[in-house]
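Reader: I am new to this structure. Please show me how to read it, one feature at a time.

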Amino acid sequence: MGKAKAKAKQVKGKLKETVGGAMDDKDMQVEGRGEQMTGKAQETAAKAAEQLKKSGR
(Lines give C-alpha, C1' and ligand atoms only; values in the text may rest on other atoms or scores of the structure.)
Protein backbone atom coordinates (compact mmCIF):
# COMPACT_ATOMS: atom_id res chain seq x y z
CA MET A 1 0.00 0.00 0.00
CA GLY A 2 1.30 3.44 -0.87
CA LYS A 3 1.77 6.37 1.44
CA ALA A 4 -1.25 8.19 -0.01
CA LYS A 5 -3.63 5.31 0.69
CA ALA A 6 -2.19 4.89 4.18
CA LYS A 7 -2.67 8.60 4.87
CA ALA A 8 -6.26 8.39 3.58
CA LYS A 9 -6.90 5.50 5.99
CA GLN A 10 -5.62 7.65 8.85
CA VAL A 11 -7.91 10.53 7.88
CA LYS A 12 -10.89 8.18 7.58
CA GLY A 13 -10.08 6.77 11.01
CA LYS A 14 -9.84 10.23 12.55
CA LEU A 15 -13.20 11.13 11.05
CA LYS A 16 -14.80 7.96 12.45
CA GLU A 17 -13.29 8.65 15.86
CA THR A 18 -14.61 12.23 15.84
CA VAL A 19 -18.09 11.26 14.67
CA GLY A 20 -18.18 8.43 17.20
CA GLY A 21 -17.34 10.89 19.95
CA ALA A 22 -20.04 13.30 18.84
CA MET A 23 -22.60 10.50 18.69
CA ASP A 24 -21.36 8.88 21.92
CA ASP A 25 -20.65 5.69 19.95
CA LYS A 26 -17.69 4.02 21.66
CA ASP A 27 -17.48 1.24 19.07
CA MET A 28 -17.09 3.76 16.24
CA GLN A 29 -14.44 5.63 18.20
CA VAL A 30 -12.44 2.45 18.78
CA GLU A 31 -12.80 1.45 15.13
CA GLY A 32 -11.56 4.87 14.09
CA ARG A 33 -8.52 4.67 16.35
CA GLY A 34 -7.76 1.23 14.96
CA GLU A 35 -7.90 2.52 11.39
CA GLN A 36 -5.58 5.37 12.30
CA MET A 37 -3.03 3.00 13.79
CA THR A 38 -3.27 0.68 10.80
CA GLY A 39 -2.76 3.61 8.45
CA LYS A 40 0.28 4.80 10.40
CA ALA A 41 1.81 1.32 10.29
CA GLN A 42 1.18 1.08 6.54
CA GLU A 43 2.69 4.51 6.00
CA THR A 44 5.79 3.53 7.96
CA ALA A 45 6.12 0.34 5.91
CA ALA A 46 5.79 2.31 2.66
CA LYS A 47 8.47 4.76 3.79
CA ALA A 48 10.79 1.88 4.69
CA ALA A 49 10.22 0.28 1.28
CA GLU A 50 11.08 3.60 -0.41
CA GLN A 51 14.29 3.86 1.60
CA LEU A 52 15.28 0.34 0.58
CA LYS A 53 14.68 1.16 -3.08
CA LYS A 54 16.74 4.35 -2.77
CA SER A 55 19.61 2.50 -1.14
CA GLY A 56 19.69 -0.01 -4.00
CA ARG A 57 18.90 -3.11 -1.96
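Author: Start with what covers what: helix 1 (3-22) is part of what covers the buried residues of helix 2. Helices here are DSSP runs of H or I of at least four residues, strands are E runs of at least two, and both are numbered from the N terminus. This is a predicted model, in which local features need pLDDT of at least 70 and side-chain atom pairs count only at pLDDT 80 or more, while totals for chains, interfaces and linings use all residues. Residues are numbered from 1 along each chain as its sequence is written, and side-chain values use heavy atoms, with hydrogens and water left out.

Reader: How many helices and strands does the protein chain have?

Author: The protein chain has two helices and zero strands. Helix 2 covers residues 26-55, which is 30 residues. The expected span of a helix is 1.5 Å times one less than its number of residues. From first C-alpha to last, helix 2 reaches 44 Å, close to the 44 Å expected.

Reader: Which residues of helix 2 are buried?

Author: Buried means under 20% relative accessible area, exposed over 50%, and partly exposed in between (1.4 Å probe, protein chains only). In helix 2 the buried residues are Gln29, Gly32, Glu35, Gln36, Gly39, Glu43 and Ala46. An α-helix has 3.6 residues a turn, so residues three or four places apart point the same way.

Reader: What is Glu43 in contact with, apart from its neighbours within four places in sequence?

Author: Contact means heavy atoms within 4.5 Å. With those neighbours left aside, Glu43 touches Lys3, Ala6, Lys7 and Gln10. Glu43 belongs to helix 2 and counts as buried because its relative accessible area is 12%.

Reader: Is Asp24 buried or exposed?

Author: Asp24 is exposed, because its relative accessible area is 59%. This residue lies in the loop between helix 1 and helix 2.

Reader: What radius of gyration does the protein chain have?

Author: The radius is taken over C-alpha atoms, and the globule rule is 2.2 Å times the number of residues to the power 0.38. The protein chain has 14 Å, whereas a compact globule of 57 residues would have a value near 10 Å. Along its principal axes the C-alpha trace spans about 50 × 15 × 10 Å. Of the 57 residues, 21% count as buried.
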